[in-house]
Amino acid sequence: MAIITFDHKIRVRYKDTDQMGIMHHSNYIVMYEMARTEWLRDMGLTYAEIERRGVMSPIIEVSSRYLAPALYDDVLTVSVFLDEMPAARLVIRSEVRNGEGRLINTGSVTLGFMHKDTRRPCRAPEWFVEALERYIAEKNGSR
């Protein structure tokens, strides 16, 4: 069960489709990132702020499963789910639904943490985990 769920809407643009009007498979990974970025922003952080604090978050692994096509001009809901608090890695699941609510794609992205200056791996910074805990409490209605 997810401890955080966040939804972000994205319209399929003409440039993202092939000759058949179907969104190219590579765009799902881009949509995962767009939703993840907006989730962080909702949490009060940006990648720029995280990097200013000396931490980078490289992608370690990506998976994507295609269940049905997204078509030109569809408005998709990309949901991100956090199932567990990060330690050395942050694993974010994604689901993409079309305008009718049909599940058309599932995926996940695993990010690591590393020191910006040395580029050596590190654990999730304490301030990041604390921001995440505050966000969870806020979204769950407790303080």
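**View 1. Met31 and the residues around it.** Setting aside neighbours within four places in sequence, Met31 touches Ile10, Met23, Leu76, Val78 and Val96, where a contact means heavy atoms within 4.5 Å. This is a predicted model, so to speak of a local feature we need pLDDT of at least 70, side-chain atom pairs count only at pLDDT 80 or more, and totals for chains, interfaces and linings use all residues. Residues are numbered from 1 along each chain as its sequence is written, and side-chain values use heavy atoms, with hydrogens and water left out. Met31 sits in helix H1; helices (H or I, at least four residues) and strands (E, at least two) are DSSP runs, numbered from the N terminus. Is Met31 buried or exposed? Met31 is buried, with a relative accessible area of 3%. Here buried means under 20% relative accessible area, exposed means over 50%, and partly exposed is in between (1.4 Å probe, protein chains only). Ile60 lies 29 residues away along the chain, and its C-alpha atom is 17 Å from that of Met31.

**View 2. The largest nonpolar core.** This core holds 36 residues, and Trp39 and Phe128 touch the most other members. A nonpolar core is a set of buried Ala, Val, Leu, Ile, Met, Phe, Trp, Tyr and Cys residues joined through side-chain atoms within 4.5 Å. Strand E1 (4-11), helix H1 (27-43), strand E4 (75-82), strand E5 (89-97), strand E6 (103-112) and helix H3 (126-139) each give two or more residues to it. H1 supplies the largest share, with seven residues. In soluble globular proteins, nonpolar side chains tend to be buried together.

**View 3. A closer look at Trp39.** Which residues does Trp39 contact, leaving aside its neighbours within four places in sequence? They are Ile4, Phe6, Val80, Leu82, Leu90, Ile92, Leu132 and Tyr135.

**View 4. Where H1 meets H3.** The two helices pack at an angle of about 80°, and their axes are 10 Å apart. Axes are lines fitted to C-alpha atoms, for helices over the stretch in contact, and angles run from 0 to 180 degrees between N-to-C directions. H1 and H3 are therefore roughly perpendicular to each other; on this scale, under 35 degrees is roughly parallel, over 145 roughly antiparallel, 65 to 115 roughly perpendicular and the rest oblique. H1 brings Trp39, Leu40, Asp42 and Met43 to the contact, while H3 brings Phe128, Ala131, Leu132, Tyr135 and Lys139.

**View 5. Two residues with positive phi.** Most residues other than glycine have a negative phi. Asp73 is not a glycine, yet its phi is positive, at about 75°. You'll find Asp73 in the loop between strand E3 (59-66) and E4, and at 38% relative accessibility Asp73 is partly exposed. Arg119 isn't a glycine either, and its phi is positive at about 60°. Arg119 belongs to the loop between strand E7 (114-115) and H3, and Arg119 is exposed, with a relative accessible area of 55%.

**View 6. Stepping back to the chain.** The protein chain has three helices and seven strands, and along the sequence they follow the pattern β-α-α-β-β-β-β-β-β-α. Of its 143 residues, 40% count as buried. Along its principal axes, the C-alpha trace spans about 45 × 40 × 20 Å. Among contacts between residues at least 6 apart in sequence, 70% join residues at least 24 apart.
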